[in-house]
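Good morning, and thank you for coming. Please keep the sequence and the model in view while I go through the points I have selected.

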Amino acid sequence: MEKLLVKEILSCQSPYKNVRVEGWVRTRRDSKTFSFIEINDGSCLKNLQIIIDVTLSDYTNINQLTTGSSVAVFGKLVESVGKGQKWELQADGIKLIGASDTSYPLQKKGHSQEFLRDIAHLRPRSNIFGCIFRLRNRLSYAVHNFFQERNFILVHTPIITASDCEGAGELFRVTTINGKLNGIEDNGIDYSKDFFARPTYLTVSGQLEAEIFASAFTKVYTFGPTFRAENSNTSRHASEFWMIEPEMAFCDLEGNMDMAESLVKYLVQDTLVNCDEDLQLFTRFIDKDLLKRLNFVLDKPFERITYSDAVNILKKSGQKFKFPVSYGSNLQSEHERFLTEKHFKRPVTVFNYPRAIKPFYMRLNENGKTVRAMDVLVPGIGEIVGGSQREERLDVLLDNFKTHHLDPKEYWWYLELRKYGTVPHSGFGLGFERMLMFLTGIPNIRDVIPFPRTPGSADF
RNA sequence: UGCCUGGUAGCUCAGCGGUAGAGCAGGUGGCUGUUAACCACUUUGUCGCAGGUUCGAAUCCUGCCCGGGCAGCCA
């Protein structure tokens, strides 16, 4: 007797005599002389229909085989007499493994995403979350494929870090000091006595460490969790999220933008090819235009404009914005939306931002006013990629430390990369969950991450 | 963190000053190679919490808690 997943069974080419399958009951329909049971084991969206005849000795417990209970079935795989499915399993035996009473929250009807979010321990068993997390799995795989095919080296950058990257301040502190942190003041705390003998934090980016490895392996990437302690309450921010950060030596901003564009396109293409079943469900229940949009993204090159061109387009648009457009300030969400959703109607890469609104490590342009930063904006989500060419000139970098009030001693190793064999290099961060939102049409980041962490919420 | 909005049955929601409703789920019976099955009957509530106004509050007011949207921060 061969034990198979539902996915394997449904892709069988011919009838099968002795097959065993395990899963959770999705629905049962009783007839006079037999019952239909549909089971799902998460291997695919579709359920396997099981036929249980009244004459079967196991039929006596049929009432216990309720929605949500786990079962093991063995029998014959035969072509279905009924419409709607090719195969069905004619049970020779069915065993209840774990019962599920009537309080099981997942019904056969649709549930709101908000309700399912509250039962994150059960929502993977729903159709929609099954699709989301299977797609998430495939997307991780595709990310690695993309980079491995291009000879990038995967580097595991640290989760615990002593550098706060750009002095942003919104970091989670890592400490073993107890009790004294309740007050706002931490001036009295002697961090030399703490576990790492200095203040430490959860990483907000693996970029600086990735730069180290790019300075040895030429092309590297990271793919790991990232933590931001900002009190952000939006549908596209989480306190813990996953980020993909390639870093490339001997690469300028052009090459960086090319890489970001081809990565995004590769991931769209891979999803279209490998997650068709899931995408159909999202198109049906979440976003009617999803498939159309994904195909559209593949067909056309991303629009590429400088920050100052973007500002001019916005100014000339005649569009009324809540926040005025002015050169020198950050583009607001509404501005980004206008560019990508209304003006260009496709992903837009904006590059060469004013120096003052970008961090210390971005490479200064010859004009002395702008830096080689770039953001990829996509319809519906906004910023999905943020990156730059890095400042490789030691003197310019030191100058940046001054204007950003950073202590060069804290970054001595970062500066030494510029001292010993410095090289033009570039990289970017792609928000994994934001990519998932784009690919699924799911509007809330909390629904594309298995157990979301957001301000005030860290259940499960 | 600010602004907006919501919290009524297990789920989705109606009721918006006169004392609790519908659909679905659950239960019972029937019917059927069914498939978000169908038909009939049927159980279920501190109306988020606390206070106030009122003869009377799910309904109006205040505070708090929780959800959602938007903005900022960004990926």
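Three strands make an open sheet in the order β8-β10-β9, with antiparallel pairing. Helices (H or I, at least four residues) and strands (E, at least two) are DSSP runs, numbered from the N terminus, and two strands pair if DSSP finds at least two bridges between them. The edges are held by β8 (160–161) and β9 (173–174), each with a single partner strand, so one side of each has no neighbour in the sheet. Between β8 and β10 (residues 200–202) there are 2 bridges, and the two strands run antiparallel. Ile160 has Leu202 as its bridge partner in β10.

A word on provenance. This is a predicted model, in which local features need pLDDT of at least 70 and side-chain atom pairs count only at pLDDT 80 or more, while totals for chains, interfaces and linings use all residues. Residues are numbered from 1 along each chain as its sequence is written, chains are lettered from A and ligands numbered from 1 in the order in which they are written, and side-chain values use heavy atoms, with hydrogens and water left out.

Strand β1 (residues 2–3) runs parallel to β2, joined by 2 bridges, and Glu2 stands opposite Val19 in β2. Val19 also has a bridge partner in β5, namely Gly75. There, β2 and β5 (residues 70–79) run antiparallel, with 7 bridges joining them. As a general point, strands of a sheet pair through backbone hydrogen bonds, either parallel or antiparallel. With β3, β2 pairs in the antiparallel sense over 6 bridges; one of the residue pairs is Arg28 with Ile37 in β3. The two strands, β2 and β3, form a hairpin with 3 residues between them.

Which elements each supply at least two residues of the surface near RNA strand B? They are β2 (16–30), β3 (34–40), β4 (48–53), α2 (113–118), β12 (240–249), β16 (382–389) and β17 (425–431). Here, a residue is near a molecule or strand if one of its heavy atoms lies within 4 Å of it. The largest share, 4 residues, comes from β16. Of the 53 residues around RNA strand B, those that come nearest are Lys83, Glu88, Asn231, His237 and Arg434. Sugar and phosphate make up 48% of the atoms of RNA strand B that come within 4 Å of the protein.

The composition of that surface is 12 nonpolar, 25 polar and 16 charged residues. In this scheme Ala, Val, Leu, Ile, Met, Phe, Trp, Tyr, Cys and Pro count as nonpolar, Asp, Glu, Lys and Arg as charged, and the others, Gly among them, as polar.

Some individual distances to the RNA follow. Ser112 places a polar side-chain atom 3.0 Å from a phosphate oxygen of RNA strand B. For Gln332, an N or O atom of the side chain is 2.7 Å from a phosphate oxygen of RNA strand B. Asn233, by contrast, has a polar side-chain atom 2.7 Å from a base oxygen of RNA strand B.

Within the protein, consider Arg372, which lies in strand β15 (residues 370–378). Is Arg372 buried or exposed? Its relative accessibility is 18%, so Arg372 counts as buried; buried means under 20% relative accessible area, exposed over 50%, and partly exposed in between (1.4 Å probe, protein chains only). The Arg372 side chain makes a polar contact of 2.7 Å with the side chain of Asn365 and another of 3.1 Å with that of Glu366. A polar contact is a pair of N or O atoms within 3.5 Å; within protein, one must be able to donate a hydrogen and the other to accept it, and residues adjacent in sequence count only if both atoms are side-chain atoms.

Finally, helix α10 (residues 394–403) has Val396, Leu397, Asn400 and Phe401 as its buried residues. Seen down the axis of α10, these fall within an arc of 150° (taken from the directions from the helix axis to the C-beta atoms), so they line one face of the helix. On the other side of α10, Asp395 and Lys402 are exposed. The cover over the buried residues of α10 includes α11 (412–419). Just after α10, His405 takes a positive phi of about 55°.

Methods: Contact means heavy atoms within 4.5 Å.
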